[in-house]
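Subject: Structure for you to look at

Hello,

Here is the structure I said I would pass on. Please open it first, then read the notes below with it on screen.

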Amino acid sequence: MSILNKIDNSLIGERDFIGHPVSSLLLEEKILYLQAMSLIMNVGGIIEDSEKFYIVLLIRSFKLDFSIINMLIDFSNDPDEKSIIDFFDVFSNSVIRQNFLFDALMMFTRITEINENFIDSKILAIRKMSDGLKIPRETRNSIKELLMILTTHKSELFFSKLKDENLSESQFSYLGYFYEFKS
Amino acid sequence: MENMMNDGFSDLMNGHIDKPEEATTTKPKIQNNSGGNKYLNNPEEGLSLCASLISNSEYTGPNSKFQNEIKHIIEHEFLNHAEHDDNTTGARAYANLLNWQDKLAEAISFPQLEKSYTVAVGGSFSAGKTRFLTSVLGCPSLLPTDTTPTTSIPTYLFKGKENSIDALNFYGKKTSIDEEALKAICHSFNKQYGVTFSHLLQMIAVERKEFSYSNLIFLDTPGYSKADNIGDSTQNTDENIARTHLRSADYLIWLVDQQNGTVPKPDIDFIQSLDLQQPVLLVISKADKRPENLIREVIATAKADLERAEINYLDVIAYSAQNAQEISATGQRLTDFLDEINQGKNGSTLLWELEQIFKKYDHYYDSKHQMLSLTHKTINELIFDESISQDNRSHLTDINQKTKTQLTNLRNQKSEAQQIHSKLVGLLAQLCEGLGVVLALTPSIIQLQGIKKQGDMEALYFNALLQGELNKLSRFSSLNEIPGYIKKISSIGLVIEIDGILGIDIIIMKNQLKRYSTLFVGGGDVFKTGDPVKIQILDNKKCIVKVDIIL
């Protein structure tokens with residue numbers, strides 16, 4: 001947690017994640033993905049603007065209508081268990097699960113709330129989602145390391161990290177464009 | 001009294017004098033059967049009553065200001081506005097608004113109808129409907145009953161703050177009457193002169209302080225059958241009136257005289273013809289006329305016959321109006337049933353129905369705007385094509401200018417429609433506040449069934465998300481009503497597919513459907529895979545999906 005707290009999230013601007021792997025999925029899959037993100041957003045009972053902005057960034061990146069944000073907030077207030085089961089069914093065997101963990105952590109780094117219980121509940125939620133998606137421990141660590149690299153803006157480390165055997169390179173290459181890294 | 005007839009009474013009735021049941025005679029059968037009723041004994045009183053019952057008038061009363069304003073907005077402002085639309089959507093919206101206005105008039109006349117569910121009491125002639133009702137309501141002498149078939153008027157009974165009786169004619173004019181007038185209208189005039197008011201009065205409302213159920217309206221309907229014309233629905237006015245009103249009620253209690261031994265075949269045929277959405281409560285009436293063990297046999301036979309006829313019934317019980325006593329498994333099935341309905345409505349659907357009319361109308365503008373924007377964009381691209389000749393460029397610029405003007409007009413029209421909409425909503429809110437009527441944001445399933453039965457609205461409209469290339473839709477001449485179907489019902493909502501087009505994803509999200517959460521009680525099969533829908537494209541990310549109500 002202390003490490004994650006140190007991550008500087010100011011690098012995330014208002015541009016879209018062009019080429020985010022989820023943007024090429026079916027509409028139904030995109031909604032499941034965003035609903036699951038919204039659950040993490042609402043954990044702890046407070047939705048921070050920074051979290052909402054991150055979800056909006058994803059909505060824009062996925063080329064969806066902005067109005068879905070309200071539906072996602074509705075969903076997160078009264079989640080449907082079947083939707084969560086479907087989310088795990090669709091993504092637990094998909095490489096997209098790596099992106100989900102990355103996005104969840106990225107959103108987490110943007111929160112400003114310092115209440116320990118609040119932060120603990122977020123971390124617990126991300127961990128449970130990772131468990132549900134059956135993401136191996138090594139992959140989780142690699143994703144956290146990737147996030148650290150991005151926040152310290154080290155492009156050479158970023159490209160070498162993409163070669164990490166635990167990560168799927170094609171799933172994260174869009175970040176190079178987003179952060180304007182040059183190989 | 002004969003003088004009254006000869007002095008033009010039949011003319012006054014506008015020809016609505018019942019053809020004598022023995023159609024061979026030309027003169028109405030006149031009996032001296034007034035029974036001391038002042039409206040029959042005194043020609044002036046009788047004429048005065050008839051005149052007020054059939055008169056047409058402008059809206060008057062404390063709410064007339066709002067009502068007249070609404071009438072002006074719909075019949076002048078909206079009509080003038082819609083005349084500038086180059087399609088039939090405006091005409092359809094206008095027709096819907098006129099229907100809505102009629103409903104509003106009914107709500108103003110009888111606000112109770114907006115607050116409570118209606119339980120219709122039906123059955124064949126002499127099944128004991130009125131006696132049953134007066135027993136349940138605790139007012140044994142209120143409603144006129146008779147032993148000979150007469151044409152009656154649907155009568156609504158409800159608990160209120162005062163004792164009053166009102167008659168509403170087909171012009172929407174409400175007239176307060178007294179009990180003698182009620183008896184005269186329902187029976188005596190008919191007996192004496194063969195005159196029926198059923199063609200003139202759409203309903204009678206009886207409000208009583210002492211009624212038992214504060215959030216429930218009972219509807220006493222004419223017996224559907226007369227011995228001489230059962231089965232000939234073209235001639236049986238009572239049957240048609242009964243059918244219309246029974247269909248419009250929210251719940252149905254059907255009475256069968258115990259002497260039938262079960263549910264007679266004509267009753268079964270009639271109940272089936274009602275196409276009921278709610279299970280019927282069948283009551284074997286006059287239960288005191290047989291020993292209890294025999295009554296229980298009748299109940300068992302009736303249940304078996306209903307099941308054989310595949311009629312959805314809540315229960316079969318027996319009831320004695322004489323003793324105000326029920327015979328059933330629990331002994332209080334009727335009370336439980338009425339207590340449950342007595343919870344009342346969450347509110348009036350008038351606002352929701354108005355929203356639906358304008359939602360549909362606004363969508364026309366959005367869709368048309370989308371089409372014109374696409375045209376505008378395409379022409380712009382062509383104009384900047386270097387290979388195009390100067391002349392052609394000039395033509396295209398002209399066309400583009402026209403498209404631009406159309407877009408501006410469309411925006412103005414939409415804005416004007418929205419202003420009219422807002423005005424109506426504001427007036428409705430003020431009106432309902434004055435009436436003490438709460439406006440519901442969404443209808444309950446029972447209300448929705450009622451709206452559907454009235455034929456005012458055949459579908460629900462949902463905002464939906466869309467993904468895919470719109471150029472795949474180029475074969476459709478309009479993006480307003482693209483045919484599609486429900487491909488899948490998933491945890492996130494309804495997945496829609498356009499007929500014959502792959503690669504365009506459409507989803508109505510579950511929270512949209514949740515607005516109609518009451519529809520999902522009992523299995524959630526309101527929407528079925530394969531159900532047809534119509535899609536109206538708004539832009540490349542969203543659309544409107546029209547789903548037929550299948551309840």
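What covers the buried residues of H4(A)? Keep in mind that this is a predicted model.

Start with the helix itself, H4(A), which spans residues 68–77 of chain A. Its buried residues include Ile68(A), Met71(A), Leu72(A) and Phe75(A). These residues span an arc of only 100° around the axis, so they sit on the same side of H4(A). The face turned away from that buried side carries Asn70(A) and Asn77(A), which are exposed.

Now the cover. From chain A, it includes H2 and helix H3 (49–61). From chain B, it includes strand S11 (459–467), strand S14 (505–509) and helix H16 (510–514). The cover over the buried residues of H4(A) therefore includes elements of both chains.

The contact between the chains

In total, 16 residues of chain A are in contact with 13 residues of chain B. On the chain A side, helix H2 (27–42), H4 and helix H5 (81–91) each supply at least two of the touching residues. H2(A) gives the largest share, five residues. By type, the chain A side consists of eight nonpolar, two polar and six charged residues.

A strand inside chain B

The other thing to look at is strand S8 of chain B, residues 280–285. Is S8(B) largely enclosed or open? Six of its six residues are buried, so the rest of the structure largely encloses this strand. In a regular strand, side chains alternate between the two faces of the sheet. In S8(B), Val280(B), Leu282(B) and Ile284(B) are buried on one side, while Leu281(B), Val283(B) and Ser285(B) are buried on the other.

S8(B) also pairs with two strands. Strand S7 (residues 251–257) of chain B runs parallel to S8(B) and is joined to it by five bridges. Here Leu255(B) stands opposite Val283(B). Strand S9 (residues 313–320) of chain B is parallel to S8(B) too, with six bridges between them. In this pair, Ala318(B) of S9(B) is the bridge partner of Ile284(B).

From S8(B), the chain crosses through helix H11 (residues 292–308) of chain B to S9(B), in a right-handed β-α-β crossover. S7(B), helix H10 (residues 265–273) of chain B and S8(B) also form a right-handed β-α-β unit.

Regards

Methods: Residues numbered from 1 in each chain as written. Chains lettered and ligands numbered in written order. Predicted model: local features only at pLDDT ≥ 70, side-chain atom pairs only at ≥ 80, totals over all residues. Buried ≥ 20, exposed ≤ 12 C-beta atoms within 10 Å, placed from the backbone. Helix = DSSP H or I, 4+ residues; strand = E, 2+ residues; numbered from the N terminus. Pairing = 2+ DSSP bridges. Right-handed = clockwise from strand over helix to strand, strands pointing away. Contact = placed C-beta atoms within 7 Å. Nonpolar A, V, L, I, M, F, W, Y, C, P; charged D, E, K, R; others polar. Arc of directions from axis to C-beta.
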